[in-house]
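Look at how the chains of this model meet.

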Amino acid sequence: MSTIQFSVAELAERFALEFKGDGARLIDGVGTLAGAGPSQLSFLANSKYAAQLASTHAGVVVLGADALASCPTSALIAHDPYVTYARIAALFERLPAAAQGVHPSAVIAPGARVSATASVGPCCVIEDGAIVEDGAVLGPHCIIGSECIVGAQSRLVARVTLVTRVTLGKRVLVHPGAVIGSDGFGLAFDRDHWVKLPQLGGVRIGDDCEVGANTTIDRGALDDTVLEEDVRLDNQIQIAHNVYIGAHTAMAGCAAVAGSAKIGRYCMIGGNAGVLGHLEVADRVTITAKSLVTHSIREAGEYSSGVPLQENRQWRRNAARFKHLDEYARRLSALEKDNNDD
Amino acid sequence: MSTIQFSVAELAERFALEFKGDGARLIDGVGTLAGAGPSQLSFLANSKYAAQLASTHAGVVVLGADALASCPTSALIAHDPYVTYARIAALFERLPAAAQGVHPSAVIAPGARVSATASVGPCCVIEDGAIVEDGAVLGPHCIIGSECIVGAQSRLVARVTLVTRVTLGKRVLVHPGAVIGSDGFGLAFDRDHWVKLPQLGGVRIGDDCEVGANTTIDRGALDDTVLEEDVRLDNQIQIAHNVYIGAHTAMAGCAAVAGSAKIGRYCMIGGNAGVLGHLEVADRVTITAKSLVTHSIREAGEYSSGVPLQENRQWRRNAARFKHLDEYARRLSALEKDNNDD
Amino acid sequence: MSTIQFSVAELAERFALEFKGDGARLIDGVGTLAGAGPSQLSFLANSKYAAQLASTHAGVVVLGADALASCPTSALIAHDPYVTYARIAALFERLPAAAQGVHPSAVIAPGARVSATASVGPCCVIEDGAIVEDGAVLGPHCIIGSECIVGAQSRLVARVTLVTRVTLGKRVLVHPGAVIGSDGFGLAFDRDHWVKLPQLGGVRIGDDCEVGANTTIDRGALDDTVLEEDVRLDNQIQIAHNVYIGAHTAMAGCAAVAGSAKIGRYCMIGGNAGVLGHLEVADRVTITAKSLVTHSIREAGEYSSGVPLQENRQWRRNAARFKHLDEYARRLSALEKDNNDD
């Protein structure tokens with residue numbers, strides 16, 4: 001594999017940054033402050049790592065102007081070092097080039113439409129009525145069901161299943177094991193057994209969304225399940241039928257949203273947090289890890305539930321008391337009344 | 001795709017319902033009260049949506065007799081409008097017809113037995129000793145391991161893996177990414193390392209069960225893991241080895257049941273709820289979302305754990321106090337004693 | 001399938017155990033105390049099952065010397081009956097023999113290297129630069145991405161995806177649906193939208209590790225995500241980028257570890273427990289089910305969070321009081337002050 005190289009001065013020019021130090025130094029990769037070598041670029045975005053700056057062997061460090069004085073090597077000065085680092089690092093990513101065209105082992109139904117500039121990997125299955133647009137890349141083992149559309153430049157890394165009536169926008173990135181468009185969990189109880197409600201809607205996913213490994217997104221019962229643009233879902237997330245997620249919202253691993261909940265824009269949902277069905281969450285709400293949203297949230301802000309971790313014996317004592325909290329509150333009030341009556 | 005159409009009078013007759021209004025109106029689909037048009041059927045099953053009835057443009061609405069007076073259009077009167085709607089809506093579901101027979105890309109071991117009326121999709125793998133019964137449908141990329149049986153009329157939507165010794169009853173529906181019959185998590189600790197316990201049992205799944213996308217059901221260590229009939233599992237559920245789930249129990253997304261737990265019939269397990277190993281849960285128990293069942297439950301009823309969601313700063317203050325709850329209870333008792341001693 | 005048989009005396013000799021009773025009795029399988037028949041071996045490792053010993057019909061029971069007197073049949077006396085049982089039971093496991101060589105439906109890139117003694121199942125895809133070592137077994141539908149190594153004697157049961165830069169040690173066992181080496185969830189927020197951080201690291205998994213069904217392990221952003229040897233992960237676990245897990249640690253189903261957390265050796269992480277990012281957990285720490293680790297743990301021991309399950313109406317009363325816990329604590333202190341001032 002040929003090496004990608006940029007001089008510090010080239011990077012400064014390309015990203016419109018000021019630099020200090022050796023503009024001619026060649027950079028061929030990125031690394032942590034502790035691990036980067038003289039041909040690598042590193043970054044300081046979190047003051048927690050400031051102590052590592054003094055001893056770094058990186059060839060150049062992306063940092064804020066305030067950290068420049070402590071930098072023992074060349075520096076690229078950025079307003080937001082983390083964002084700038086992200087953009088520079090992308091230059092050094094080596095994605096295996098996807099071969100244009102359809103792998104001979106793929107199975108394409110006669111009624112499917114695959115762009116000539118798309119790439120379809122080994123053992124993919126594309127069903128009747130599916131559309132794969134220009135420049136889309138399907139890694140091995142993807143299944144594109146009927147009435148599904150993979151938007152231009154989208155990338156399904158490998159083994160992604162779009163069941164039916166799923167529309168992906170442009171530049172959507174889906175990781176292995178994700179299932180999009182599976183049946184919503186709709187059941188009616190008929191005296192002594194369940195009757196399934198057919199799931200007649202679809203899923204619409206906006207441009208620039210990302211869907212993590214083994215994440216599941218059910219299609220709607222009647223209307224569609226919707227992710228607006230630039231929604232970012234980590235691994236093993238569950239999105240139930242008819243959920244609506246606003247643009248730029250990010251959800252960490254193992255979060256779950258129950259049916260028909262509506263999440264605003266620019267929200268941050270922590271790992272393994274949950275949102276109950278039919279609730280609404282306003283824009284710019286942060287939910288901390290493992291919290292359960294049990295009522296609609298009307299105002300931006302940070303919300304939490306749960307109790308702190310403790311050593312097990314201490315925790316047991318406190319947890320046992322929780323079962324009597326209502327009684328304690330009453331007894332406390334009674335005591336106060338007694339004291340006031342005295 | 002040809003349109004399916006029924007007149008209101010035909011629907012009334014087929015489902016033994018009384019109707020009011022225009023029996024000749026043709027219905028070709030279903031929709032929400034807010035979204036349905038004049039050729040669509042809607043329903044009112046939840047009084048929360050009663051306000052939408054007056055302004056609906058649906059051609060006909062399934063509702064209870066008590067709502068008839070407020071209905072601006074034709075009506076089908078049902079004892080249980082939700083169940084009736086579910087049955088009618090099924091008429092309008094367009095499932096892609098599965099081609100009978102085995103797709104040429106499927107790999108069928110010589111010792112496998114596949115019914116001539118079954119459908120086996122692209123890239124399926126059926127191993128020696130597996131049986132696929134009449135009318136069963138395997139979508140693309142299903143793997144049926146040795147000694148597995150797919151019962152008649154069962155449907156594995158796509159990319160389902162039955163590992164070994166898995167028996168599915170009739171009309172079982174399994175969604176993409178589900179893994180059934182994987183190794184139970186059995187380990188013995190031998191001084192300084194783990195020794196694996198072979199998982200020699202299987203999985204038995206009754207008629208009319210449903211298994212959600214990316215749900216996992218491990219096979220038993222010695223005896224089988226069992227789901228009785230009409231058990232309904234949503235997505236991303238984890239069922240450990242030797243769990244036993246009674247008929248008609250439904251579990252919402254991301255719930256988990258640890259090894260050898262026994263869940264009764266007609267239970268409802270909420271999203272991301274958990275049941276610890278070796279416990280028993282009686283019939284008709286409801287567990288609310290994210291609760292953890294830490295002891296056996298002997299009586300029907302609704303059970304919960306967890307603390308309410310709050311704005312983060314308030315929550316922090318309360319959560320910090322939780323660590324001292326036992327101390328507070330003692331101090332409260334001491335105060336009461338003091339007061340009584342006075 | 002031919003029957004595997006051992007006499008009780010042969011088992012005693014092979015595992016260096018003392019036996020009592022009929023050494024000539026032939027054993028062809030294993031079972032529970034309640035279920036085993038006269039040609040089967042059972043075990044007593046948990047005093048909870050001691051009552052079942054008297055009525056067992058097993059041909060021989062593995063037990064501790066203290067239980068010998070109550071054993072109605074032949075016995076194999078073990079220091080650790082559970083470990084010994086695990087080793088004996090392994091003799092009776094019937095794994096389908098993997099055919100050596102590459103199935104004709106597998107797709108092997110010209111730049112991949114597959115040992116002649118490895119087994120590659122139907123529809124596997126092995127990309128350029130991947131290596132499959134001696135005796136490794138890939139079941140159907142495995143995808144081995146570029147720069148991935150499957151160590152000698154490792155077994156990928158079926159439908160396992162190694163995305164890129166993943167190294168599995170020797171004798172690693174991976175269950176269906178697992179995704180290893182997917183993108184870590186790294187995002188930088190640039191004023192009004194997300195910018196993705198390229199994930200340039202890999203995953204290193206030590207010898208004798210086990211990875212459960214539908215478990216996901218992301219590759220590192222810069223350095224690698226690491227599992228030392230003999231780490232045991234159950235199903236549906238999420239391991240984020242740059243996590244480091246010490247040797248012999250076991251995690252139960254649906255546990256999750258956020259980015260850059262470092263877990264010690266010989267830890268036990270309960271089902272659906274979580275560890276927040278960048279924390280450190282010492283060796284020999286046990287976390288109980290559904291607990292959330294919110295701060296680093298420096299000492300071995302058992303840790304918990306959560307509140308106990310209660311009948312819903314009682315729980316509601318207590319949970320509502322939790323929202324005022326800080327206020328109650330203040331009021332309690334005020335009362336105490338009042339009383340002292342009296």
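Two strands count as paired if DSSP finds at least two bridges between them. Keep that rule in mind for this predicted model. In β40(B), residue B:E311 is the bridge partner of A:Y303. The strands involved are β39 of chain A, residues 301-304, and β40(B). They run antiparallel, and two bridges join them.

Now turn to chain C. Here strand β40 of chain A, residues 310-311, pairs with β39(C). The sense is antiparallel, over two bridges. In this pairing, A:E311 stands opposite C:Y303.

Next, widen the view to the whole contact between chain B and chain A. It involves 72 residues of chain B and 78 residues of chain A. The size of an interface is often given as the accessible area lost when the parts come together. For chain B and chain A, that area is about 6000 Å². Carbon and sulfur atoms account for 62% of it. Within chain B, the residues that lose the most area to chain A are B:R159, B:L309 and B:F322. Together they make up 13% of what that side buries.

Four salt bridges are found across the interface of chain B and chain A. One links the side chains of A:R331 and B:E336, at 2.7 Å from N to O. The most comes from α5(B), with nine residues. By type, this side of chain B has 38 nonpolar, 18 polar and 16 charged residues.

Go back to chain C for the other contact. It takes 77 residues from chain C and 72 residues from chain A. The buried area is about 6100 Å², with 62% from carbon and sulfur atoms. On the side of chain C, C:F185, C:W194 and C:L222 supply 12% of the area, more than any other three residues.

Between chain C and chain A the count is four salt bridges. In one of them, the side chains of A:E210 and C:K196 meet at 2.9 Å, N to O. Polar contacts join 33 residue pairs across the interface of chain C and chain A. Among the elements of chain C that give two or more residues are β21 (179-182), β23 (193-196) and α3 (312-322). The largest share, seven residues, comes from α4(C). This side of chain C divides into 35 nonpolar, 25 polar and 17 charged residues.

Notes. Residues are numbered from 1 along each chain as its sequence is written. Chains are lettered from A and ligands numbered from 1 in the order in which they are written. This is a predicted model: local features need pLDDT of at least 70, side-chain atom pairs count only at pLDDT 80 or more; totals for chains, interfaces and linings use all residues. Side-chain values use heavy atoms; hydrogens and water are left out. Contact means heavy atoms within 4.5 Å. Buried area is the accessible area (1.4 Å probe) that two parts lose on being put together, summed over both. A polar contact is a pair of N or O atoms within 3.5 Å; within protein, one must be able to donate a hydrogen and the other to accept it, and residues adjacent in sequence count only if both atoms are side-chain atoms. Helices (H or I, at least four residues) and strands (E, at least two) are DSSP runs, numbered from the N terminus. Ala, Val, Leu, Ile, Met, Phe, Trp, Tyr, Cys and Pro count as nonpolar, Asp, Glu, Lys and Arg as charged, and the others, Gly among them, as polar.
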